[in-house]
2 protein chains.
Amino acid sequence: MTGLTELAQGVRRAQRKFAGTDAQKRSQSLVALAAILKERQDEILQANQADIAAAKADGLDAPLLSRLRLSDSKIDVLCEGLQALSESPDPVGRLEKKTRLDDGLMLTRVMSPIGVLLIIFESRPDAVIQIGGLALRSGNAVIMKGGREAAKTNAVLVSCIQDALVANALPQHVVVGVEDRASVAALLELDGEIDLVIPRGSGAMVRHIQESTRIPVLGHADGICALYIDEAADPAMAAQLAVDGKCDYPSACNATETLLVHEAFLPHLKGVGQALQAAGVTLRADPASRDCLPDAEPATDGDGNTEYGDLVLAVRTVPSMSAAIDYIHANGSGHTDAIVTENPDTAEQFLRLVDSASVFHNASTRFADGYRYGLGAEVGISTGRIHARGPVGVEGLMTTRWLLRGSGQGASEYGPGKRTFLHVDENFPS
Amino acid sequence: MTGLTELAQGVRRAQRKFAGTDAQKRSQSLVALAAILKERQDEILQANQADIAAAKADGLDAPLLSRLRLSDSKIDVLCEGLQALSESPDPVGRLEKKTRLDDGLMLTRVMSPIGVLLIIFESRPDAVIQIGGLALRSGNAVIMKGGREAAKTNAVLVSCIQDALVANALPQHVVVGVEDRASVAALLELDGEIDLVIPRGSGAMVRHIQESTRIPVLGHADGICALYIDEAADPAMAAQLAVDGKCDYPSACNATETLLVHEAFLPHLKGVGQALQAAGVTLRADPASRDCLPDAEPATDGDGNTEYGDLVLAVRTVPSMSAAIDYIHANGSGHTDAIVTENPDTAEQFLRLVDSASVFHNASTRFADGYRYGLGAEVGISTGRIHARGPVGVEGLMTTRWLLRGSGQGASEYGPGKRTFLHVDENFPS
């Protein structure tokens, strides 16, 4: 697979040239891409039809077929997204920090693209354009591996992006596609050539990638989110947040999977259970909570640390908030956890002590999402503790560079008995 | 080595408790640590004497013995550092971003400790206190592995830190030491328990660690820094920056290792060469530059991509700035690279196009350093592209958490035809 090393090195060279071009050219390439998608719409939809026919013959199930299918209106949505990205501020070179070290010696820290990203995703060919658009905006290069079932569609979409780059005299190989699984395995070995892997798919797929590479991985394998109902919870609010957290979109990573109930709340639990069961939720309750939930199933071992992705909810009783927090740390995935309580001190303690990427008070776990957070396009949700954490927007694709503008200074001019540094923070000049 | 998994899990539990305590207690523990170091000074120096005697018997060389040796004055310096840390602002919970999603639905992003750090360092026992102090300030826990030659000193210093924690009713196991190499190898396997590895030592040691773990590593294996002398360089400034970059501290990672010379500058190169040779520098020059540097040695293959760490400098001629940048990308280590030129447009192009952690104009590469950048205590210098890059201060030990304070909202209340998000940036309320 030496060809892949060379491919990745070529992508790195293209990315460096690309990052050095001005923001306006990147904006123009996004507008051009939208135009090319409309021009080549028939070709795109034909390739998509061929993929769908093959997928049907392979017996792909209906939800996957629906994710695979492109349409006029889906392409319109993609073009609107590209237009919005073209008008959004360019992050490359954005000033983050400015410090005057001395007269005539000014230090700045600026945003800079991470470099070469490897994105691995399943089914949805829309992702090619969404991810490619983010790369164009942020000055990064992307090697993309989409699902086999969308191979023909993905190939046409990648060639549309390359056409948009070439039409603006930008390096073509900023966005490239690879097709087979063996290539992915080989690319995951290239920790000198690839800077970040972003997997979008099942927990099993993400975990497999995390375990097979030394390249940093941005994402999450599991979303095991808990809602803790405190003794001072408003029962109606508890019911509403449990139903929203579980039922709004049960297969999402930010859906609530575990209800932790303070034992003093048990007398009010029946109402919460009725609301959930009315919404079609199966409850798996421990003995204490099951006494208040006559229709619940008994909890089994896996409940309380499982991502059901379905209308199933574990219910566990805890003697205190501190026990709830210990339970979350021992069984959760550090994604999103929430408390419902009318006691503001208890709430603040929960917000301070729970070590998860997102921690909520009196709000549904479903809010953990880049769009809802106002980040614009979402790159993913990270449960890692290094680099970006929680919902990640385009800034998660950026690193920094330190730039120092001097007038001939040497470091040996500074020190005891010599010049001293000023270190004036110039971030907010008056 | 199951004992180590349990040790690391115990450290994680201690860290979570510790991160939840208030900033003032962490400040007090730093003051207490300084007092304990003075109280136990005799015991510390005795342990250090025993280490030095054993190291002498083992034939350790003089520079290493000098790094190993503690003294009254070194302990005073450590205590001053702890005092300064105790008065520095606490990063835990610091507000980074605030967005009003809706009335009664406020999102904040706050700084949060990364968690459990594994720090591996050589010789200098001072590092135990410097690193331990940073951990206490930042709410992180640290597993430390120091050099075998400093084992007795390190053990006493770790117990001083633990005493300071216990005296303030803080969890003792926020700072723990391990002694043998086998433990390190086993700890590097624990990517679920340890969040970040920070190696401080030789390039070979750092590279070995990077290659033997899936835990993120903060640091740099190599510091191959170039100074590019542009055709429009001031010859006197070029000489001064080359001498400072090479000679101020030749074994530092930010020392200049390669001089790239625009061919139009060759007529002025002799003066630069004389200044370097007067400072004792051996030049290894390619044929074109050697014509102007009669006393230079001929360049060999390794020159231009080697960290000499000594008074040796490679000299290469390039036909253009663009060739210099290509050379840096192909042979440098992405640490720090500088240009010397009187042409501001050329300088800005260099600053934009060179993809290194630090990029300088008319300043010595030796400025790449946390203290000089005004970051306070330096954790290390990272050439990685994920998380912190370049000189890293205490903020490099922090991640973030997203906190959402609501009043009972469910995500299903928002969307087309329903409530819309406000996304009001409240970072700088008027």
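Because the model is predicted, local features need pLDDT of at least 70, side-chain atom pairs count only at pLDDT 80 or more, and totals for chains, interfaces and linings use all residues. Residues are numbered from 1 along each chain as its sequence is written, while chains are lettered from A and ligands numbered from 1 in the order in which they are written.

**How the chains are related**

**Where the chains meet**

Here, 56 residues of chain A are in contact with 56 residues of chain B; contact means that the C-beta atoms, placed from the backbone, lie within 7 Å. Several elements of chain A each supply at least two residues to this side, including helix H1 (2–20), helix H14 (344–353) and strand S16 (398–409). Helices (H or I, at least four residues) and strands (E, at least two) are DSSP runs, numbered from the N terminus. S16(A) gives the largest share, 11 residues. By class, the side of chain A that touches chain B has 22 nonpolar, 21 polar and 13 charged residues. Ala, Val, Leu, Ile, Met, Phe, Trp, Tyr, Cys and Pro count as nonpolar, Asp, Glu, Lys and Arg as charged, and the others, Gly among them, as polar.

An open sheet of 11 strands with mixed pairing runs in the order S10(A)-S9(A)-S11(A)-S8(A)-S7(A)-S12(A)-S13(A)-S16(B)-S2(B)-S1(B)-S17(B). Strands S10 (297–298) of chain A and S17 (424–425) of chain B stand at the edges with a single partner strand each, so one side of each is left without a neighbour in the sheet. Two strands pair if DSSP finds at least two bridges between them. S13(A) and S16(B) pair in the parallel sense over five bridges, and A:Ser358 has B:Trp402 as its bridge partner. Within chain A, S8 and S11 also run parallel, joined by five bridges, with A:Ala314 as the partner of A:Thr258. Helix H13 (residues 321–331) of chain A lies across S7, S8, S11 and S12 of chain A, at about 135° to S11(A).

**Helix pairs in chain B**

Axes are lines fitted to C-alpha atoms, for helices over the stretch in contact, and angles run from 0 to 180 degrees between N-to-C directions.

| Helix pair | Angle | Axes |
|---|---|---|
| H2(B) and H7(B) | about 130° | 8 Å apart |
| H10(B) and H11(B) | roughly 30° | within 9 Å |

H2(B) and H7(B) are therefore oblique to each other: angles under 35 degrees count as roughly parallel, over 145 as roughly antiparallel, 65 to 115 as roughly perpendicular and the rest as oblique. Their contact has nine nonpolar, one polar and one charged residues. H10(B) passes H11(B) in a right-handed crossing, and the residues of that contact divide into eight nonpolar, two polar and one charged. A crossing is left-handed if the near helix is turned anticlockwise from the far one by less than a right angle, and right-handed if clockwise.

Key
Contact = placed C-beta atoms within 7 Å.
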